[in-house]
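Q: I am new to this structure and would like to learn how to read it. Please take me through it one feature at a time.

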Amino acid sequence: MNKRVLSGMRSSNPRLHIGNYEGALRSWVDMQEEGYDMFCMVADYHALTTMYEDAAQVAVNAREVAKDYVAAGIDPKRSVVFRQSDVTEHAELHLLFSMITPLGWLERVPTYKEKKDDMGGAEREPYGLLGYPVLQTADILLYRPMGVPVGRDQAPHLEIGNDIGTRFNRLYGQEVFTPYRYLIPKDETRAKVPGLDMRKMSKSYDNCIYLSDTEDETAAKIKSAFTTPTKMRKTDPGIPEGCAVCQYLKLYSPQWQTQWEEDRAGERGCMQNKKELTECLNEMLRPMRERRAELDDAAIEAILADGAERAREVASETMRMVKSAMGWPVR
Ligand code: ADP
């Protein structure tokens, strides 16, 4: 049975947040423990689509993101931790897929429409932004995985990936790619973790709790988090569904149901929620911070070099299958 799984994060920021963890990384760790063959990619090419002016920073970030993977529990011996740009097959398959992907499919992607407006018009918008899902498809299909664990926001890109794979098979008459599953967390709070301000947690909104924040930073952020606006006093009824602190309690506190009931009934105040949340969140993050502190740049580079070698084995085999299906010379 195919137990290969591919997933990745862009290195557009040096640190991952608890949204990245809940939406994706935590599932990677769980699947690693269940015996899946995890390919954990740091997507540095993808970060360039919006950060091409800061290319050197993207490279620094890539190492930091890889450190977060290992800190969160990815074991580089059992799982493959690698950097996208170290495996040149990603660029090659992206080029071939770009030839067979209709433009209309890409223009319809909702995140493209949003990001395009942010980039400031056609003169500034890079070609790579439109092609983002094509590169992502190459990233995934190179490993011919059974599934791809991601947060809810990635679903539209993943659909295109299976469409491109099917189109390739049909065009060249061979079943090189079998459709993969999208493994989105069933729990809606995990699939889309709210930020401290209750918008989606995202580094671009500056509303994140990072895995590598210190205990004090975490406590200070929770103190400033959005709660039920009409709950001024402890006795005022709260609305846990609209309160960031209650949402995080649901993720991290074993007693969240009681905490929610008491919040709703006006039997507990926001201060108590914040205090209890700070304790459980810091407890969850403590081992990650400890593991991260042990990883220097040389250690992570060694992990990435080993990962690239293992990733290349599968990627080069896929490229041979692709070229053979196309009737091209196979090296
Ligand atoms: P960002 O949204 O901060 O730019 P990325 O686009 O690099 O993060 O996403 C990396 C992974 O983390 C993807 O699988 C994505 O679905 C997941 N993810 C990002 N933000 C969240 C969130 N708030 N809740 C759940 N998953 C998320």
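Predicted model: local features only at pLDDT ≥ 70, side-chain atom pairs only at ≥ 80, totals over all residues.

Q: Where is the place of Arg-144, and what is its phi?

A: Helices (H or I, at least four residues) and strands (E, at least two) are DSSP runs, numbered from the N terminus. Arg-144 sits in the loop between helix H8 (132-141) and strand S4 (147-149). Its phi is positive, about 40 degrees, although Arg-144 is not a glycine.

Q: Where is Met-198 found, and what is its phi?

A: Met-198 belongs to the loop between helix H10 (188-191) and helix H11 (215-223). Met-198 is not a glycine either, yet has a positive phi of about 75 degrees. Met-198 counts as partly exposed because its relative accessibility is 25%.

Q: Which residues does Lys-323 touch?

A: Contact means heavy atoms within 4.5 Å. Not counting residues up to four places away in sequence, Lys-323 touches Glu-92, Trp-328, Pro-329, Val-330 and Arg-331. Lys-323 itself lies in helix H15 (residues 297-326) and, at 13% relative accessibility, counts as buried.

Q: What space is found in a search for cavities of the whole structure?

A: Rolling a probe the size of a water molecule over the atoms shows where empty space is left. On a 1 Å grid over the protein atoms alone, a cavity is a set of points where a 1.4 Å probe fits but cannot get out, and a pocket is an open set with protein on both sides within 12 Å along at least five of seven lines; lining residues have an atom within 4 Å of a point. Grid points are joined across faces, edges and corners, and a volume is the space filled by probe spheres set on the points. The search finds 1 cavity of 30 Å³ or more, and the largest cavity holds about 40 Å³ of space.

Q: Which helix gives the most to the lining of the largest cavity?

A: That is helix H9 (residues 155-172), with 4 residues. The lining includes Leu-141, Asn-162, Phe-177 and Tyr-180.

Q: How large is the second largest pocket, and which residues are closest to its centre?

A: The second largest pocket has about 440 Å³ of space. Of its 22 lining residues, His-94, Tyr-127, Gly-128, Gly-131 and Tyr-132 are the closest to the centre. Helix H4 (89-100) is among the helices that each supply at least two residues of this lining, and the largest share, 5 residues, comes from H4.

Q: Which domains does the protein have, and how many residues of each are in contact?

A: Domain bounds come from an automatic or database domain assignment. Here that assignment gives domain 1 (4-191 + 297-326) and domain 2 (213-291). Between them, 11 residues of domain 1 are in contact with 9 residues of domain 2. The centres of domain 1 and domain 2, taken over C-alpha atoms, are 33 Å apart.

Key:
Residues numbered from 1 in each chain as written. Heavy atoms only, no water. Buried < 20%, exposed > 50% of the residue type's maximum accessible area, 1.4 Å probe, protein only.
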